[in-house]
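This report examines selected side-chain contacts in a protein chain. Please keep the sequence and the structure in view while reading.

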Amino acid sequence: GSVVGVGRGMARRGGWRSAQQAKVDLQRWHASHWMGPGNMQENVRDGMPYLLPFRVFRAHVEGKATTVYEDGTSVSETWKKEYHVENAPSMAVYASFRHRRDLAQQAAVGEWMDNNAVPFRGHHAKKETDPTKRSENQGMKWTRETWNMKSSMAWNLALLGLRNQEKRTRLEKAKEKDPQAKVKVTLKALRRTQRIVHAPVYLFEYQFGEKHGRAGEIVPQSFQAMVSAVDGTVAAQRHLSAPKASLVAGATVLSATGLMDLLMGSPLASLDVGFFGAVAAAAGNVASRHFHAWKQQLDERERFRMEENAFERTAEELAGPSKREEDTMLELEWLEWMRWMEQDKHHWREETRGAWAEALWKRQLARRLQRLYHEERIEKERRIHGERMAREARHRERFGSRPEDEGSWHWRGRRDHLGYYRILGLEEPEDASQEDIKKAFHSAAKKWHPDMYTAEQTKEEASSQFKRIQMAYTILRDPEKKAMYDAGRALDAVG
């Protein structure tokens, strides 16, 4: 998760929490960890009250999950289920770009939303009860945010989050049986409704620990936290207390070194123990102050590694209208949104994130349309090829076979009537193994990927060539279809 820790309190009777009570909730949450700081009151500024806009969905979904084990066996299951905030938190989507999404989602989403959300009818939504007119909130100025995230984008995020939830649940069960198991999940919404609600939270800003500035200087590190005014849920970063870290590190070294010296009978035990204990305590103090800067770097590296792996899978599997392609495409979309949410989130800017989200959403829609177009084109070529092969079969039946099946194309001595070997650039198609075909596909796909070109005309030519490369790899990577293609036979299905 993007937020290191989340704590949930109990709803306060008689109304919402005040800003001071929310500040106490944050302090108690930090102190609840045995290595957490005991007192942060002076570092935390007073909470700023916000009413965060949420789109709350309720959907009847038809799902299918396929678990593939290492030995090649697979198990499929289907289900129909109604999802809402109580059994799927992703059904509530923070519909603004103003604040960090991970904090807003973690702090504000709760079961109370189902009872407080109102129907949404475009711009004519039923008016919510104004929370600022409650008696317990008089005198406090709440900043009400508007919905600046499109409904279609919010629903896409909700569905991707739901798919990730179902996939993660089934993958954990499958890995208990086989650590190499893989799970593919597809969801189809049969019907859905949308409602809206404003969630009351307090936003806190504070400084804790240190980091290196742009010029290499040591500067305080700033953080944000959110606390729900409804039930005291805390969304914040876990911190380590410098004194506690020093004490634990020093005590660990003292005990280990002291035991070693006792066993070895060293006469300088007291000197060695004291020296190493002091060094460890100092190291623990430094580590606690720079812990978050280091962890952010590690999180970034891990996220980039996941994206690289996803791209590799996409390059290999995004080659035909198959369920594998759809699963990989959805996985890539989820990682792209995670990157949008996580990258440099500690320097969140509303305008930048909003523009990034719009561009990402348009790119994903274009990718889906391209896939549909690709499916239609493959189906058309399959039909044309089938008709051609049927005509040749009737011709052979009537007039007999022709030497080398006159009219078919060849590439370096191998029948290549659709030019699949040629477009992949396989120099020795007769002896090409599956590994050779895979390498040739990667090389050709990298060369002709549309994103490698900027000029519009060149980009269109590259896109056309890239689709033909995908089509060729779809056939040649499947031994059965490859054998049919080599024999010049019609293919019953593609993908």
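Does Glu-82 count as buried, partly exposed or exposed, and what is the relative accessibility behind that label? The model is predicted, and in it Glu-82 counts as partly exposed because its relative accessibility is 29%.

Glu-82 forms a salt bridge with Arg-58, and the closest N and O atoms are 3.4 Å apart. Glu-82 lies in strand β3 (residues 74-83) and Arg-58 in strand β2 (residues 48-68), so this pair ties together parts that are 24 residues apart in sequence. Arg-58, with 26% relative accessibility, also counts as partly exposed.

## Salt bridges elsewhere

Another salt bridge joins Arg-368 and Glu-333, with 2.7 Å between the closest N and O atoms. Since Arg-368 lies in helix α8 (residues 350-399) and Glu-333 in helix α7, the pair ties together parts that are 35 residues apart in sequence. The relative accessible area of Arg-368 is 26%, so Arg-368 is partly exposed. Glu-333, by contrast, is buried, because its relative accessible area is 0%.

The side chains of Asp-25 and Arg-17 also meet in a salt bridge, at 2.6 Å from N to O. Both of these residues are buried.

## Aromatic pairs

The count of aromatic pairs comes to eleven.

Trp-348 is buried, as is Trp-340. Ring pairs link Phe-97, Trp-337, Trp-340 and Trp-348 into a cluster.

## Charges over rings

Arg-353 lies over the face of Trp-348, at 4.4 Å from the ring centre. Lys-177 lies over the face of Tyr-69, at 4.6 Å from the ring centre.

## A buried glutamine

Gln-470 lies in helix α11 (residues 456-476). Gln-470 is buried because its relative accessible area is 8%. The C-alpha atoms of Gln-470 and Ala-445 are separated by 7.8 Å, although the two residues are 25 residues apart along the chain.

Methods. Residues numbered from 1 in each chain as written. Predicted model: local features only at pLDDT ≥ 70, side-chain atom pairs only at ≥ 80, totals over all residues. Heavy atoms only, no water. Helix = DSSP H or I, 4+ residues; strand = E, 2+ residues; numbered from the N terminus. Buried < 20%, exposed > 50% of the residue type's maximum accessible area, 1.4 Å probe, protein only. Phe/Tyr/Trp six-rings, centres within 6.5 Å; stacked < 30°, edge-to-face > 60°. Lys NZ or Arg CZ within 6 Å of the ring centre and 35° of its normal. Salt bridge = Lys/Arg side-chain N within 4 Å of Asp/Glu carboxyl O.
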